[in-house]
Amino acid sequence: MNRMYCDTALETHIPTPFGPSTCDMSEPYDRGLVEDYGRWREFAPGMWAWILHKFTGWVLIGYLFTHIAVLSTALDGGATYTATIQGLEALFVVRVMEIGLLAVAVFHILNGIRLLMIDLGIGLERQAASFYISLIITALIVIASVPTFLGEVGV
Amino acid sequence: MSTEHTSPEPEESTTVSDDTVTIRVFRYQPEKEDDAEPYYEEFAVPRVDGITVLDALMWARDHEDGTLTFRHSCRQGVCGSDAMFVNGRQRLCCTTQISDLAEPVQIDPLPHQGVLKDLVVDMDHFYDQMHAVDPFFDPDELPDDPLEEQRQSPENREHIKLSTRCIWCGACMSSCNIAAGDNQYLGPASINKAYRFIKDEREGEQRRDERIEQMADDHAVWRCQTQFSCTEVCPKDIPLTEHIQTLKRDAAKRDLSLW
Ligand code: SF4
Ligand code: FES
């Protein structure tokens, strides 16, 4: 930390309540980034919505690339593509990741609608409630999808 | 490195007692050459009916440690000088009842600002951003007769009512993590100030366009990510995010065209 003193202030000790405050005592103490990240527990719903929206956005972008990679196996002919898909879908972990992808996509869509409403100036007083509702609907859809995704693994 | 200093009277710290309130206060004393690292100090303050966080701080200063430093003036939520980070949230100490808080009550200086001493933060940046939007009435034309009133319709007054309530406490700016990451961002309070004049029907078209022009900047309304933290902490209940969103739409409409 910086403990530099302003020479004149030290010498004269003139109280300057309205003067340049940084020079009166010392350099201000910078509490650094710890105070930002250490405070996640205090984040308000709007902040969580923002964090989740960014996170799901990046996941969707990442998925887009794997999606293109898988689709491009079709360039080698239908048989390669079918084999790739069958190979992937036979893996339990892929099924679980698909559920995750669904969760991410559904939340991103619902919160996207929420943000659209906020941009249009609609329902700003209920932004926290609409975030919670987005979460609940996402959870319901994801739970309902589990039988479909995990139904016939390895069949 | 933090040192725990306890108050002179050895009071069981962090335990909730009926006749005292424990406050845990951030201390930073740069004038102590040898030990200028910040630490927390606890004070046991007599519990009286209706005691506010500011009352507790003043009691601690007046009875325990005269060097405890914090800003305050009006003690009634008017001057905006005692916004602090109380139990994990930006609040005005003078309008916050201890009885509404979990104990021990932890009091830190406003986050995202440099600390000058104890609970006193450097507000220069906040004031700079406020002044950047010319926070004063500046009409296109003044009446010829200086004594002539510049009337405002009651509807218009009602429309800008909430935005006029700002007391420059800086709580909103401190709560905004976008402002924390972008020093050029004007911040909620100054955008609200711009809103107050943009929506004032008396200023005139030219001045309004200039103001909207300023708002249509990367570091003005477009920086807001609608996290609503400012709206949540504003002690004057100003719908800050709503005002920012309104100005976003005004800014977008400004250069909206079909082609
Ligand atoms: S808008 Fe609210 S929180 Fe921000 S400075 Fe004004 S009164 Fe304080
Ligand atoms: S002392 Fe003036 S607002 Fe709290």
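Ile122(A) turns up in the loop between α6 (92-119) and α7 (127-150) of chain A, with helices here being DSSP runs of H or I with at least four residues and strands runs of E with at least two, numbered from the N terminus. The model is a predicted one, where local features need pLDDT of at least 70, side-chain atom pairs count only at pLDDT 80 or more, and totals for chains, interfaces and linings use all residues. Side-chain values use heavy atoms, leaving out hydrogens and water.

At a relative accessible area of 44%, Ile122(A) is partly exposed; that class sits between buried (under 20%) and exposed (over 50%), using a 1.4 Å probe and protein chains only. Together with Ile109(A), Ile113(A), Leu116(A), Met117(A) and Leu120(A), Ile122(A) makes a nonpolar surface patch of about 560 Å². Patch members have over 30% relative accessible area and no salt bridge, and nonpolar side chains (Val, Leu, Ile, Met, Phe, Trp, Tyr) are joined within 5 Å, like charges within 9 Å. A salt bridge puts a side-chain nitrogen of Lys or Arg within 4 Å of a carboxyl oxygen of Asp or Glu.

As for the rest of chain A, there are seven helices and zero strands. Of its 155 residues, 24% count as buried. The accessible surface of chain A comes to about 10,200 Å², and 73% of that belongs to carbon and sulfur atoms; areas come from the Shrake-Rupley method with a 1.4 Å probe, and for residues only the protein chains shown count as cover.

Over all chains, the structure holds six aromatic pairs, a pair being rings of Phe, Tyr or Trp (its six-membered ring) with centres within 6.5 Å, called stacked for planes under 30 degrees apart, edge-to-face over 60 and tilted for the rest. One of them is tilted, because the rings of Tyr29(A) and Tyr28(B) have planes at 40°, with centres 4.8 Å apart. Tyr29(A) lies in the loop between α2 (21-24) and α3 (34-37) of chain A and Tyr28(B) in the loop between β2 (20-27) and β3 (39-46) of chain B, so this pair joins two chains. Tyr29(A) and Tyr28(B) are both buried.

Phe26(B) and Tyr40(B) pair up too, edge-to-face because their planes stand at 80°, with ring centres 5.8 Å apart. Both Phe26(B) and Tyr40(B) are buried. Arg24(B) lies over the face of Tyr40(B), at 4.4 Å from the ring centre; the criterion is NZ of Lys or CZ of Arg within 6 Å of the ring centre and within 35 degrees of the ring normal.

How values were computed. Residues numbered from 1 in each chain as written. Chains lettered and ligands numbered in written order.
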